[in-house]
Structures are given as structure tokens and as C-alpha cells.
Amino acid sequence: MLRHSNITLQESENDLINQMAGIDAGSTRDRLRRLRPDYVSGVEACRCSVLTPHDDQGLPAALRALLALRMARTLGVSAQVAFYQRLVDSLPSSQTDLALNADGKQGTRAFQALVYHCDVVTNNPAASSQQDLEHLQQAGWTTPQIIALSELIAFINFESRLVVGLSALGEGQ
């Protein structure tokens, strides 16, 4: 079990991508993935760095988990949604207010801008523009925070596509 901050990112010896894609440890697909060990470990390291970085840039791990859940729901990969839901459910009760804000119905202008940006990039990345980044800055987010948010958005979207692709392979192919 890998824990950083108050968030558990690995639930078993089988890595999360395998778990989300329904790949059993030691199976054909697992062995194929392990032919590129740097890739397997790199994905897990990337998850840690975008969700629980040592320097959170003012975007706490709980907020990152909530945004990840929101994006996962939008992307519709059930195993990914289930993982981020468990992650959010494991948050301390003091984070409940953040959970309410994840719906984009409450909260500050700054938070709503953050949620909006996640939604636009996840739903229709081609529609994202320089103006969206300026909107984030006008709402009070710094360039390092916007970069950190972009990394989170990129990872969650990448992760969903990876899980869908690996799931589609099936065993024995």
C-alpha cells in the first residue's frame, strides 16, 4: 500500500492500471506490460506526482482527488471512477466542503474557474483556449498552479484512455 499525505494511491500489489483494466497480476497482459517496467512504474509515479506532490503549489491533495473524480466521471471509465470515489471517500471529514464544491454548484469564483477548466479540457480539449488560461489567472490562480492543474488533467485523461485500451485487448491477444 502506497500512502502519501492522507491519500492511499495503491491498494494492492497489482498496480492500479492493471486493477482498473481488469488485468490479473501474472496474466498475459500483465507480463506484456512488465516488458516495459519503466513505463509501468512511470505511470504510477506520475499518479503520485499529480495527486500528492511534495510541493502542492496550493492545490491540496484532497482538491486534486476531487477534481480527478469529477474528470473520471466525465470520462466514464467505471473502474477509474470507482478508484477515485474510494479515494475521495477516504478523505478526512474536514474535506467535505471541498466535495460539495466539486459539483461546481458552490464555492468561490476561483474554484469554479478551476472546475470549468477541468470540464472544458476533459470534454472538448479543442475548445480550450488561451482565454481559458487567462480566466484562471484572473480568478487568482498562479502559473505554477495552472501548470499543476494541467498536469492533473492530462494524467486523468491519459489514464482513462490507457485503461480503456488495455481493457479492450482482452487476455490471450
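Mentor: Before we look at this predicted model, keep in mind that a residue counts as buried under 20% relative accessible area and as exposed over 50%, with partly exposed in between.

Trainee: Why is glutamine 57 called partly exposed?

Mentor: Its relative accessible area is 31%, and because that value falls between the limits of 20% and 50%, glutamine 57 is neither buried nor exposed. Glutamine 57 sits in the loop between helix 3 and helix 4.

Trainee: What makes the phi of glutamine 57 worth a remark?

Mentor: Most residues other than glycine have a negative phi, whereas the phi of glutamine 57, which is not a glycine, is positive, near 60°.

Trainee: Why is cysteine 118 called buried while cysteine 46 is called partly exposed?

Mentor: Cysteine 118 has a relative accessible area of 0%, which is under 20% and therefore buried, but cysteine 46, with 31%, lies in the range between 20% and 50% and is therefore partly exposed.

Trainee: Which residues have the most contacts inside the largest nonpolar core?

Mentor: In that core of 45 residues they are Leu67, Tyr84, Leu114, Trp141, Leu149 and Leu152. The largest share of the core, 10 residues, is supplied by helix 9.

Methods. Residues are numbered from 1 along each chain as its sequence is written. This is a predicted model: local features need pLDDT of at least 70, side-chain atom pairs count only at pLDDT 80 or more; totals for chains, interfaces and linings use all residues. Side-chain values use heavy atoms; hydrogens and water are left out. A nonpolar core is a set of buried Ala, Val, Leu, Ile, Met, Phe, Trp, Tyr and Cys residues joined through side-chain atoms within 4.5 Å. Buried means under 20% relative accessible area, exposed over 50%, partly exposed in between (1.4 Å probe, protein chains only). Helices (H or I, at least four residues) and strands (E, at least two) are DSSP runs, numbered from the N terminus.
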